[in-house]
Amino acid sequence: MALASSSSASSAATQGTWVQKNPVKTVLVPIGTGSEEIETCCIADTLVRAGASVTIASVDHLTSDTNLVVTMSRGVKLVADCSIEDCVDQNWDLVACPGGVPGSERLRDSAALETILRKQASPAAAAEGKWFGAMCAAPALVLAPHGLLENRAKATCFPAERFTSTLGDKYVGSQAVVVDGNCVTSKGPGTSLLFAIRLVEALFGEEKADEIASQMLVEW
């Protein structure tokens with residue numbers, strides 16, 4: 001989807017001292033057939049506005065027919081930047097999983113994404129200021145099955161019994177976005193912008209989050 005702005009990349013390339021002190025934040029947004037398009041685009045767009053370099057990676061099995069085109073949950077077609085397998089050996093400041101079904105199930109079944117998420121959720125990554133998150137169906141269908149919520153006291157997801165029962169006592173229904181350690185979760189399409197602004201806050205701080213929220217007319 002190539003959402004990282006070329007002007008930001010050019011600036012980073014020509015200001016070596018600045019890059020060393022303030023490296024560009026890297027964000028991975030994995031998607032698969034049936035991922036939720038509102039959530040995907042809100043996450044990617046908002047983080048690019050904040051200055052992050054966002055990579056959208058497909059977990060789908062690529063063929064000559066599909067290439068990197070992913071059909072989302074309501075039929076919108078997005079073009080991913082690369083395959084998820086290309087992302088395993090890279091370092092990410094944030095990995096954020098949109099929801100949607102069967103998209104979340106496809107994310108869950110990706111061995112490459114599981115490897116990335118386990119690394120991102122590790123104590124070592126948390127100590128380095130790395131983050132991971134998921135929203136809608138993904139907390140229940142992606143994070144929980146891999147045990148990535150076991151050390152978390154709270155999380156949220158789409159408020160359907162199928163998903164909330166998976167989170168059990170960790171489920172928080174009263175908040176649109178829940179932060180626990182370096183894990184951020186949210187409810188669904190209507191909370192996408194709030195989720196994205198919280199991710200901006202996690203990576204760039206409250207002042208930048210307020211700035212982007214104000215520009216986008218988001219009350220948070």
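I call a residue buried when its relative accessible area is under 20%, exposed when over 50%, and partly exposed in between (1.4 Å probe, protein chains only).

**Entry 1: ground rules.** I am looking at a predicted model, where local features need pLDDT of at least 70, side-chain atom pairs count only at pLDDT 80 or more, and totals for chains, interfaces and linings use all residues. Residues are numbered from 1 along each chain as its sequence is written, and side-chain values use heavy atoms, with hydrogens and water left out.

**Entry 2: helix α10.** I began with α10, which spans residues 206-215 and has A209, I212 and A213 buried. Helices (H or I, at least four residues) and strands (E, at least two) are DSSP runs, numbered from the N terminus. Why do these residues share a side of α10? Because they cover an arc of only 100° around the axis, where the arc is that of the directions from the helix axis to the C-beta atoms. On the other side of α10 I found E207 and S214 exposed. The buried residues of α10 pack against α3 and α9 (192-204), and I take contact to mean heavy atoms within 4.5 Å. After α10 comes L217, with a positive phi near 60°.

**Entry 3: the whole chain.** I noted 10 helices and 9 strands in the protein chain. Of its 220 residues, 48% count as buried. Among contacts with a separation of 6 or more, 70% come from residues 24 or more positions apart.

**Entry 4: the sheet.** In what order do the 7 strands of the open sheet lie? I traced β5-β2-β1-β6-β7-β9-β8, with mixed pairing. The edges are β5 (82-83) and β8 (177-180), each pairing on one side only. Strands of a sheet pair through backbone hydrogen bonds, either parallel or antiparallel; I count two strands as paired if DSSP finds at least two bridges between them. β8 and β9 make a hairpin with 2 residues between them, and G181 in the turn has a positive phi of about 65°.

**Entry 5: a helix on the sheet.** Helix α5 (residues 111-120) lies across β1, β6 and β7 and runs at about 125° to β6. For such angles, axes are lines fitted to C-alpha atoms, for helices over the stretch in contact, and angles run from 0 to 180 degrees between N-to-C directions.

**Entry 6: the cores.** A nonpolar core is a set of buried Ala, Val, Leu, Ile, Met, Phe, Trp, Tyr and Cys residues joined through side-chain atoms within 4.5 Å. The largest one has 33 residues, and those with the most contacts inside it are V27, I43, L47, V54, L94 and L199. β1, α3, β2, β6, β7, α9 and α10 each supply at least two residues of this core. Leaving out residues up to four places away in sequence, I saw L47 touch V27, A52, V54, L94, L199, V200 and L203. A second, separate core of 30 residues includes W92, L113, A140 and L143.

**Entry 7: cysteines.** How many disulfides does the structure hold? I found 0, a disulfide being a pair of cysteine sulfur atoms within 2.5 Å. The sulfur of C97 is 9.8 Å from the closest cysteine sulfur, in C183, so it is too far for a bond. C97 is buried, at 0% relative accessibility. For C136, the closest cysteine sulfur is in C157 at 8.5 Å, also too far for a bond. C136 is buried, with a relative accessible area of 8%.
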